[in-house]
Amino acid sequence: MPGRLLRGLWQRWRRYKYRFVPWIALNLSHNPRTLRYVPEESKDKVISDEEVLGTLLKVFQALFVNDFNKQSDILTVFPEPVKTKYQDLLSVQHPGVKQLEYRHQQQNTFTPEEILYKTLGFSVTRAPSTLISAGKGVFVNKGLVPKGAVVSMYPGTVYQKYEPIFFQSIGNPFIFRCLDGVLIDGNDKGISKVVYRSCNGRDQLGPLKMSDSTWLTSEIHNPLAVGQYVNNCSNDRAANVCYQEFDVPAVFPIELKQYLPNIAYSYDKQSPLRCVILVALRDIKQGEELFSNYYTIVS
């Protein structure tokens, strides 16, 4: 019995260590490929914030139009120019189909992964990792990810460094630490899941959702929201993506916030919402698993 228990704990640890920050820190000298050096915090950008924003808007608008038959309640609270914009996008995506007709033509809708492929030329999905005992990983399942592309997002509740996260952190390998100490809890189970759902319900304004909670389920509406399952690189698996922080600007369209897979733990109108995206360090082919370098060292 003790032997079986120890074997079970060892197997859990082997999966846990690929996302466990202290273990990575203790093994930096043995894992030089897990390091990424930047001269200062402001230069920790592989691509510009404008490029990140452009990509997110492009994908989210395509998802919104694809889901047009479910957006009627949202559109009623917006002025005519906003409605016209999405009707024009609908006519481009589905030529010859009128808005009322579209509601009855479910065959014209695509899955979120198909929308991602049609929009950016690739799609990603969760699947068992190629690393032994690492659990799930993230793979390019269709198309080619070009160097510099936004390949996924790190979902979860965003905590400022002074906010409580002790109980959520116990046995949790999905907590991401930003350069300024902000934490993102990307766990889709247990207390973390309850906290996220609670904050999601708190911030909803009538029909307008301020964040996406579908990443907690098996039916994800934002196909980019799988970044928490990207495993750390190793000596024989070089990183092909890296993390980059992105603060959602005030001008972000409110109707598209329903696809943001992050939410602040405390309601604060002053601080912009922190998101973390993963950027391709090179071209990544179909079938490849994504591997990240978790650590950014500021010198």
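1. Glu288 and Arg282 form a salt bridge, with their closest N and O atoms 2.7 Å apart. The term stands for a side-chain nitrogen of Lys or Arg within 4 Å of a carboxyl oxygen of Asp or Glu. Glu288 is partly exposed because its relative accessible area is 22%, and Arg282 is partly exposed too, at 35% relative accessibility. The classes are these: buried is under 20% relative accessible area, exposed is over 50%, and partly exposed lies in between (1.4 Å probe, protein chains only).

2. A word on the source before going further. This is a predicted model, in which local features need pLDDT of at least 70 and side-chain atom pairs count only at pLDDT 80 or more, while totals for chains, interfaces and linings use all residues. Residues are numbered from 1 along each chain as its sequence is written, and side-chain values use heavy atoms, with hydrogens and water left out.

3. Searching the whole structure gives 9 salt bridges. One of these pairs is Arg274 with Asp247, whose closest N and O atoms are 2.6 Å apart. The pair links distant parts of the chain, with Arg274 in strand E11 (residues 274-280) and Asp247 in strand E9 (residues 241-247), 27 residues apart. Helices (H or I, at least four residues) and strands (E, at least two) are DSSP runs, numbered from the N terminus. Arg274 counts as buried at 10% relative accessibility, whereas Asp247 is partly exposed at 34%. Both residues also belong to a salt-bridge network with Asp180 and Glu245.

4. Please look at Arg126 and Asp188 as well: this salt bridge has its closest N and O atoms 4.0 Å apart. Arg126 sits in strand E2 (residues 122-128) and Asp188 in the loop between strand E7 (183-185) and H9, so the pair ties together parts that are 62 residues apart in sequence. Arg126 is partly exposed, at 23% relative accessibility, and Asp188 is buried, at 8%.

5. Now for the rings: the whole structure holds 10 aromatic pairs. Tyr154 and Tyr243 make an edge-to-face pair, 6.2 Å centre to centre with 65° between the planes. Distant parts of the chain are linked here, as Tyr154 is in the loop between strand E4 (150-153) and strand E5 (156-159) and Tyr243 is in strand E9, 89 residues apart. Tyr154 is buried at 4% relative accessibility, and Tyr243 is buried with a relative accessible area of 5%. For the terms, rings of Phe, Tyr and Trp (its six-membered ring) pair if their centres lie within 6.5 Å; planes under 30 degrees apart count as stacked, over 60 as edge-to-face and the rest as tilted.

6. Phe174 and Tyr229 have ring centres 5.3 Å apart and planes at 65°, so this pair is edge-to-face. It links distant parts of the chain: Phe174 is in the loop between H8 and E6, and Tyr229 in the loop between H9 and E8, 55 residues apart. Phe174 is buried, with a relative accessible area of 10%, as is Tyr229, with 5%. Elsewhere, ring pairs join Phe60, Phe252 and Tyr259 into a cluster.

7. Gln168, in helix H8, is worth a visit. Gln168 counts as buried because its relative accessible area is 9%. Its side chain makes a polar contact of 2.8 Å with the side chain of Tyr159. Here a polar contact is a pair of N or O atoms within 3.5 Å; within protein, one must be able to donate a hydrogen and the other to accept it, and residues adjacent in sequence count only if both atoms are side-chain atoms. Not counting residues up to four places away in sequence, Gln168 touches (heavy atoms within 4.5 Å) several residues, including Ile175, Asp185, Ser192 and Tyr265.

8. Thr214 lies in the loop between helix H9 (190-203) and strand E8 (231-232) and is buried, at 13% relative accessibility. The Thr214 side chain reaches the backbone nitrogen of His221 at 2.8 Å. Leaving aside neighbours within four places in sequence, the contacts of Thr214 are Glu219, Ile220, His221 and Asn222.
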